[in-house]
Amino acid sequence: MSADAEQGFAPSRPALEPYERDAGDRPPFILTLAEMKLLSITGVGFFLDAYDLFIINPVSTMLQYRLYGGKSLPNNLQGVLKASANIGSVIGQFGFGYCADAFGRTTVYGKELMLIIFATIMCISCPTGDLSPRGSLLWLTIFRIVLGIGVGGDYPMSASVTSDRAVIRKRGTMLAYIFANQGWGSLVGSLATMVVLACYKHVMNDEGETSKVDGVWRIVIGLSLIPAFGTLYQRLTLPEAERYKKAKHMSTDEKDDLKDGVKVSSSSDRSYEEDKPKEKAHFREFIEYFSEWRHAKVLIGTCVCWFLLDIAFYGINLNQNVVLQEIGYAGKTGTAWEKLFKISTGNIIITVLGFVPGYYVSVLTIEKLGRKVIQIQGFLMTALFLAILAGKFHTLSNASFIVCFSFLQFFFNFGANMTTFCYPAEVFPTKYRASAHGMSAACGKAGAIISALVFNTLTSKIGTPAVLWIFFGCCLVGAAFTLLLPEVAGRDPDVILAEELREKKLQQRR
């Protein structure tokens, strides 16, 4: 099969972009220079996603010492602060996803990174000396919502930009590489916190000026601006993918066929700029496509699986203080500096043991095992380890708890946390890919918001083991909903859409 046939396009298609050229004689995880360049542009968003979302754990602890003299933040404000970026993410995922399909990737790409940069600058500019403690937390909450809009927008944008350009046999691997940057973002966030704390040890620990922690959290958050600025220009100048252009032209021609019975116009006679889709037309076509059950059930599957996964995943990872306490790194004793340093050390242990290895096992196996197998086994294995943690929560030794929790994190990432991102970018046609991915991701963030807002309150009422049993149930239901999804390895959704449109045309002629 030729490269053109494999991609589902006519032989007259223009020359492939560098990202799409593939000799086919290398394992999928070995990348070309062009592919590595593409991943350096698209992957930074997920690095920042993990860095910004998970850094809030140590930062909120620092704010205790800066704003409340070491006492805990008010429960209601702490929950909203931790959920704020995810609240913004829902808005960004819906909005950017829809706009990317309706107006083109290049029209939108880069704007989400500009929002991240703006919001980060505003967060580190918080006037804690002039505002009340509550006012400072509200300031940070507002701009972390804006940050979340940018982070959320990066999900459908980077997924679609990559999937539009990837060779089908390597598409899942490319997406897995992008998402694996979350592991590095979490790791670098913990390392950055430790390094900056080490620089402040003398003034905070030896001289007792605990308020200097105000500088620590600003530097830690501000460091994320470096990769953001480093890739902004490349995103703003990235050309439109040939696959996206072809999908738009193909769709228009097929619509002509359905309307008139014969093809009445040729996309080659129209410029791409003249053929850009209008917002209302795209919305109507999107509703028409997903009004069919065969398409709707797939969207339901991607949305529900991501929702259930994030209830458990973010319920654990946005509240790691509970886990750190169990493994002896909660930072309950010592000076303020020693407590903060111990928490950061615990975060690194968790990340190194579970996060990064799980992501890269997915990278190496996603094309061999397939997305469906990885997602189902991931849900089932995380359910198993959640059950062990819930059932033996108060009796496991520190070593046993660390091992069990590490396996839990490993199978989150060699499992549904990876594949719920990959599925929407692969299973839906290019024409609707970003919108459907944005909807699926937004459902996931809705689950994360629920966990962030409810976890602390629910834990105090029914206990941590009972909450872990709830997460266990979410994972089992997630495995069941995965059965709605087809395997997407080697599957070209644009070819399938074209065939469906031809079938409709034939039915109308009859």
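Because the model is predicted, local features need pLDDT of at least 70 and side-chain atom pairs count only at pLDDT 80 or more, while totals for chains, interfaces and linings use all residues. Residues are numbered from 1 along each chain as its sequence is written, and side-chain values use heavy atoms, with hydrogens and water left out.

Start with the cores. A nonpolar core is a set of buried Ala, Val, Leu, Ile, Met, Phe, Trp, Tyr and Cys residues joined through side-chain atoms within 4.5 Å. Buried means under 20% relative accessible area, exposed means over 50%, and partly exposed lies in between (1.4 Å probe, protein chains only). The largest nonpolar core has 114 residues. Those with the most contacts inside this core are L63, Y155, F421 and F471. Its largest share, eleven residues, comes from helix α8 (residues 133-165). Helices here are DSSP runs of H or I with at least four residues, strands are E runs of at least two, and both are numbered from the N terminus.

Look at L63 itself. Contact means heavy atoms within 4.5 Å. Not counting residues up to four places away in sequence, L63 touches Y68, L73, L81, L137, L140 and W217. A second, separate core has 15 residues, among them Y289, V298, Y432 and L497.

Next, a helix pair. The axes of α2 (residues 33-42) and α9 (residues 171-199) come within 9 Å and cross at roughly 40°. Axes are lines fitted to C-alpha atoms, for helices over the stretch in contact, and angles run from 0 to 180 degrees between N-to-C directions. On the α2 side, E35, L38, L39 and T42 take part; they meet M174, Y177 and I178 in α9. By class, this contact has five nonpolar, one polar and one charged residues. Ala, Val, Leu, Ile, Met, Phe, Trp, Tyr, Cys and Pro count as nonpolar, Asp, Glu, Lys and Arg as charged, and the others, Gly among them, as polar.

Now two single residues. S84 sits in helix α5 (residues 75-103). S84 is buried, with a relative accessible area of 0%. Beyond four places in sequence, S84 touches T141, R144 and I145.

A336 belongs to helix α17 (residues 336-369). A336 is also buried, at a relative accessible area of 15%. Leaving out residues up to four places away in sequence, A336 touches Y65 and T210. A336 and Y65 are 271 residues apart in sequence, but 7.6 Å apart in space, C-alpha to C-alpha.
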